[in-house]
Structures are given as C-alpha cells and as structure tokens.
Amino acid sequence: MTKPPKPKPLLRDADKPVRSRPRKPRDPAQPNLPLDPMPNRIEPCLALLKARPPKGDDWVYEIKWDGYRLSVHVEPTGIRILTRGGHDWTDRFPAIKQAALWLPVGTAILDGEAVVFDQQGRSDFGLLQQSLGGRGGKSSSDAIFMAFDLLYFDGHDLRNSELDMRRHLLEDLVPAGEQGDIRLSEEIEADGDQLLASACEHGLEGIIAKRRNAPYRSGRLGDWLKIKCTQSDGFAIVGYEKSSASFGGIGRLLLAARKGDEFVYVGGVGTGFNERSAAELREQMDKLIISKPAVDTGRKRNAVFIDSKLVAEIEYRAWTHDGKLRHASYKGLRDAADVAAVYELA
C-alpha cells in the first residue's frame with residue numbers, strides 16, 4: 001500500500017516550531033467595519049401583473065407560489081415571522097420557526113412564501129388555509145417556507161445590493177434541493193414564454209420574472225413581474241344564496257370589487273367548496289348578516305346579505321362583457337393580516 005506523501009514543512013527550517021507573524025497592535029484611529037442596524041420590518045417588494053413574460057438576459061424566473069407572503073427574521077433574541085401587513089404570525093408556523101433556528105447565521109431577514117403542497121407537488125392556497133384551521137385559526141406544521149430573497153445577513157443590510165448578489169448569499173444559507181421546512185425557491189434560466197407554457201401545462205399558478213441587477217425596493221415598482229396562467233384575485237363577499245343541496249347550505253357566494261370608494265357587484269361563485277371549508281365560511285358569514293345589501297346585486301332568490309368584511313380569493317378565467325366573473329372558483333378566505341386587498345376595477 002502506497003504511503004501518503006509527507007506534508008511539506010511550512011517553514012524552511014523544519015526543526016523549528018511554526019510561528020505566525022507577530023500581531024501588530026490595532027491603530028485606534030482605524031474605524032471598525034460598520035454594521036447596519038437590523039430593520040424591525042421591511043415592506044415587501046411586490047410583483048406587477050403582466051400578460052406576457054419580459055424579454056432579455058437581465059431577467060430571471062421563478063415559480064409563482066400560491067400561499068402567504070412572509071418574512072422570517074432571525075434575531076439575537078429569537079425568531080419572528082411577519083405577514084405582508086406586519087402582523088406577527090410566529091406562533092402559527094412552528095415548523096418554519098424551528099427550521100429558522102437551525103439556519104447557520106447570526107442575524108438575517110428572509111423573504112418568501114408559506115405554502116402547502118398537494119399530491120402533485122403544486123402549492124395550494126386552499127390546503128394552506130385548511131392547515132391553519134381557517135381564517136384566524138390555528139397553527140400549521142404542514143406549511144413550508146419557500147425562500148426567494150435575503151434582505152439582511154449577519155449585520156449587513158442587503159437591500160441596495162443587486163438581486164444576483166442577494167441570491168448568491170441566500171443559496172449559501174439555504175442550499176438548493178434541501179427538503180426541510182425552509183427551502184430555496186430556485187431560479188430558472190429559461191425562455192419566459194416556454195417556461196410560462198410549461199407552468200400552465202403542469203397546473204401551476206404562473207411565474208415570476210425578476211430583474212437580476214435591481215436592488216430590493218419596497219412596493220410594486222416593476223422590478224418584479226408576475227405572469228399568471230389563470231387570474232386569481234381577492235373579492236369582497238357581500239352575501240350568499242341558500243341551497244339545501246350544497247355544502248354548508250351555500251348555493252353561491254355574491255362577490256364585489258372596488259371602484260373608487262364604492263363596491264360593485266361582479267357576480268357569484270358556486271364551486272371550489274368542500275364540506276369543511278363551506279361550514280367554516282357559513283359560520284363566518286352568519287355573524288355578519290345585515291338587512292339591506294351593501295351593493296346592488298339584482299334580484300336574487302333566497303339571498304342572505306352580509307357586511308363586506310370577508311375577502312375571498314377567487315380563481316377565474318375571464319370577464320363577461322357586462323363586468324361579471326367567468327368560470328370562477330372559490331380558493332379560500334384571505335386574512336386581514338395578509339393585507340387582504342379587494343380587486344379594483346379600472
């Protein structure tokens with residue numbers, strides 16, 4: 001058996017001990033490397049809706065996740081998980097909290113989405129809602145945090161750095177392919193049109209395009225774009241039609257969008273419920289019953305009208321010529337803590 005080679009001596013004279021250079025005393029006039037204060041909260045960068053993917057090499061792509069937007073704060077005092085609206089939901093995601101404690105970092109802020117996957121590996125907002133026990137309910141151990149940006153890292157604010165640099169640090173922190181409760185939302189180098197077609201073919205919600213050389217800017221400024229396979233937006237529930245043959249006795253939800261300061265009726269939705277979600281929804285709605293409709297819904301049989309405080313996430317294919325939703329399907333209730341915005345008509 002061949003012996004391993006002898007290590008070469010670090011100094012020319014191998015008989016003398018190895019010594020480092022003498023340490024110079026620190027010049028008190030030399031400043032320390034400055035550390036950035038850790039933000040208590042960062043307003044998220046939001047994606048602007050576009051019909052087609054952008055062209056050019058300065059764009060990179062990711063899958064669009066269908067869940068709750070969250071930021072995970074790894075702080076010296078512990079973990080905080082905040083919603084898009086700044087509400088503390090740490091206790092609602094115990095598995096994500098535990099995974100954040102294991103991250104090899106002292107301080108960090110990760111931007112991402114909490115999701116629950118269906119049997120085909122697609123994120124499903126309805127399943128996420130069920131795992132949380134409905135609107136304002138329990139905690140979820142099934143939710144996984146898909147991290148797609150790193151905003152603060154070991155004392156340094158990264159928001160002014162380009163996306164490519166932030167992603168490089170994120171991939172060191174959350175390596176691709178790991179299957180824990182915090183996972184990397186991987187970038188995909190591809191033609192945008194082909195990727196969108198593939199995403200739609202696999203039943204995904206759509207894709208996100210991000211400008212690779214852009215800093216992280218809060219708000220909907222066009223650095224990130226979303227391109228959807230199907231439309232999915234929030235609409236106010238203004239009532240429901242009773243039906244003895246449907247789950248929860250709900251034949252159809254009556255929906256409204258915003259136009260300026262007013263609500264406008266945009267039709268109804270009678271699909272997408274299961275027994276559990278319909279029962280939970282009926283319980284919420286029956287607490288908000290009012291005598292007169294908040295908007296003009298036209299003549300409706302067996303209609304019950306409610307105060308417009310609940311926002312439903314609705315998937316739909318298109319709009320009719322008279323401003324009603326086509327092929328609509330109920331996905332779940334949005335929570336006010338998630339900034340449950342109601343769709344605004346132009």
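Author: Buried means under 20% relative accessible area, exposed over 50%, and partly exposed in between, for a 1.4 Å probe and protein chains only. Helices (H or I, at least four residues) and strands (E, at least two) are DSSP runs, numbered from the N terminus. This is a predicted model, in which local features need pLDDT of at least 70 and side-chain atom pairs count only at pLDDT 80 or more, while totals for chains, interfaces and linings use all residues. Residues are numbered from 1 along each chain as its sequence is written, and side-chain values use heavy atoms, with hydrogens and water left out.

Reader: How many of the residues of the chain, in percent, count as buried?

Author: The chain has five helices and 18 strands. Of its 346 residues, the share that counts as buried is 45%.

Reader: What arc around the axis do the buried residues of H5 cover?

Author: In helix H5 (residues 275–285), the buried residues are Ser277, Ala278, Leu281 and Met285. They lie on the same side of H5, because the arc they cover around the axis is only 95 degrees. That arc is taken from the directions from the helix axis to the C-beta atoms. The value is therefore 95 degrees.

Reader: Which exposed residues does the face of H5 turned away from its buried side carry?

Author: The cover over the buried residues of H5 includes strand E11 (231–242), strand E12 (250–259) and strand E18 (329–334), where contact means heavy atoms within 4.5 Å. The face turned away from that buried side carries the exposed residues Glu275 and Glu283.

Reader: Which residue caps the N-terminal end of H5?

Author: A polar contact is a pair of N or O atoms within 3.5 Å; within protein, one must be able to donate a hydrogen and the other to accept it, and residues adjacent in sequence count only if both atoms are side-chain atoms. At the N-terminal end of H5, a side-chain oxygen lies 3.2 Å from the backbone nitrogen of Arg276. The capping residue that supplies this oxygen is Asn274.

Reader: Which residue joins its side chain to that of Glu189 by a polar contact?

Author: Glu189 is found in the loop between E8 and helix H4 (192–201), and it is exposed, with a relative accessible area of 61%. Not counting residues up to four places away in sequence, Glu189 touches Val60 and Arg212. A polar contact of 3.4 Å joins the side chain of Glu189 to that of Arg212.

Reader: Which residue of E18 is the bridge partner of Ile314?

Author: Strand E15 (residues 311–316) is mostly covered, with five of its six residues buried. Two strands pair if DSSP finds at least two bridges between them. E15 pairs in the antiparallel sense with E11 over six bridges and, also in the antiparallel sense, with E18 over five bridges. In E18, the bridge partner of Ile314 is Tyr330.

Reader: Which strands are the edge strands of the open sheet with mixed pairing?

Author: Four strands form this sheet in the order E1-E10-E9-E2. Pairing on one side only makes the edge strands E1 (48–49) and E2 (59–63).
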